[in-house]
Amino acid sequence: MGVRKTTDVIEKLTWGLAVAMVVISVLCTYVAPTSTAEQSVLERESTTTNTATPGFPGASQSTPAAGAQKSAPAATGTKTAPVAPATPAK
């Protein structure tokens, strides 16, 4: 098998695999089960629980804004670490 024959084999193998992938993809679309529900899984989960991701339907609107700081603990006798400013000093 020479150099020319090697490239012919690789090219034919590549085309064969490409055609096989297309055929398998088309077959999978016909074999895959179809949904009978009117809602997607994400919509159904977000309406049944209140732990949805912020920004998506069903998310609670009580999340703090980005950059908001929580209050420091009111323990006496303990030292707390200093909080860095939101913008760097000039």
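Predicted model: local features only at pLDDT ≥ 70, side-chain atom pairs only at ≥ 80, totals over all residues.

Modeller: Residues are numbered from 1 along each chain as its sequence is written, and side-chain values use heavy atoms, with hydrogens and water left out.

Colleague: How many helices and strands does the protein have?

Modeller: Helices (H or I, at least four residues) and strands (E, at least two) are DSSP runs, numbered from the N terminus; here the protein has 2 helices and 0 strands.

Colleague: Where does UniProt place the "transmembrane region"?

Modeller: UniProt positions use the numbering of this model, feature names are shortened, and annotations may be inferred rather than shown by experiment. The unreviewed entry gives residues 12-32, a span that is 95% helix and 0% strand, with its end C-alpha atoms 30 Å apart.

Colleague: Is valine 31 buried or exposed?

Modeller: Buried means under 20% relative accessible area and exposed over 50%, with partly exposed in between (1.4 Å probe, protein chains only). Valine 31, found in helix H1 (residues 3-31), counts as exposed because its relative accessibility is 69%, whereas buried residues make up 2% of the 90 residues in the protein.
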